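Please keep the sequence and the coordinates in view while reading.

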Amino acid sequence: MKEEKKEINAVVLDILPKGYPDDPRPMYKREPVVQAVGVEQFKLLELVPKNQPLDIGEVVYIGGGERPKIERVKRRLRYEELTHSAVQELTFAIERIVKDREKDFVDFYNRAISITPKMHMLHLLPGIGKKLMWEIIEEREKKQFEDFADITQRIKTIPHPNRMILNRVLEEIKNPDVKYRLFTTR
């Protein structure tokens, strides 16, 4: 579904100025670590910061070229490797990303297609069954959705279309064995 690309920006989830507490190396050999989630594909990342002040929830540039606050991207993380603080912050970060990229996710509602003869992309969103899926398809054929408020207004049974996206992203992040990925990559 989603093609693999490098993340360009990430949202800081947790900052460990002295590295991981369970790191067996002596203190002087440890390096600071930042746990973050990518803005485009929701990849969980471990970053090494420069000596710049960082805040939780801050969006940092991690693309090619000169990075003002991040020295390098160290590796990808699994959900289980996140610190407790990062897990707590993850929902808020994804909620903010969905809000900031509202147009992209409204386009998903407008462009979602069948995956197999019996499975539609809209089915993969939590809370959407066949009846609701057909209601969405019929409404978007009359006129494309403009924003989340438009979806809510035209389809009364979807009070929070952004939360459906949020819940699907969290499911894809938490479960590495999910068969169909709409918003994340492996």
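In strand β2, V37 is the bridge partner of V11. Helices and strands are here DSSP runs, helices being H or I with at least four residues and strands E with at least two, numbered from the N terminus. The model is a predicted one, in which local features need pLDDT of at least 70 and side-chain atom pairs count only at pLDDT 80 or more, while totals for chains, interfaces and linings use all residues. Residues are numbered from 1 along each chain as its sequence is written, and side-chain values use heavy atoms, with hydrogens and water left out.

V11 also has a bridge partner in β4, namely V59. Strand β1 (residues 9–16) pairs with β2 (residues 33–38) in the antiparallel sense over six bridges, and three bridges join β1 to β4 (residues 59–61), again antiparallel. Two strands are taken to pair if DSSP finds at least two bridges between them. β1 is largely enclosed by the rest of the structure, because six of its eight residues are buried; buried means under 20% relative accessible area, exposed over 50% and partly exposed in between, with a 1.4 Å probe and protein chains only.

These pairings belong to an open, antiparallel sheet of five strands in the order β4-β1-β2-β3-β5. β4 and β5 (70–76) stand at the edges with a single partner strand each, so one side of each is left without a neighbour in the sheet. On average, neighbouring strands of this sheet are turned by 45° against each other, direction ignored. Between β2 and β3 (residues 44–49) there are four bridges in the antiparallel sense, and Q35 stands opposite E46 in β3.

Helix α1 (residues 84–100) packs on the sheet, touching β1, β2, β3 and β4, and its direction makes about 160° with that of β1. Contact means heavy atoms within 4.5 Å; axes are lines fitted to C-alpha atoms, for helices over the stretch in contact, and angles run from 0 to 180 degrees between N-to-C directions. The helix α1 bends by about 35° at L90, the bend being the angle between axes fitted to the seven residues ending at a residue and the seven starting there. Its buried residues are A86, L90, A93, I94, I97 and V98, and they pack against β1, β2, β3, α2, α4 (148–154) and α5 (161–174).

Which residues touch the most other members of the largest nonpolar core? Among its 46 residues, they are L90, Y109, L122 and L125. The elements giving two or more residues to this core are β1, β2, α1, α2, α3 (130–142), α4 and α5. Such a core is a set of buried Ala, Val, Leu, Ile, Met, Phe, Trp, Tyr and Cys residues joined through side-chain atoms within 4.5 Å. Beyond residues up to four places away in sequence, L90 touches L13, V37, L44, Y79, L82, L170 and I173. Another core, of ten residues, lies apart from the largest one and has A10, V12, A36 and V60 among its members.

V106 is found in helix α2 (residues 102–111) and counts as buried because its relative accessibility is 2%. Leaving aside neighbours within four places in sequence, V106 is in contact with F145, E146, D147, F148 and I151.

For the chain as a whole, there are five helices and seven strands, and buried residues make up 46% of the 186 residues.
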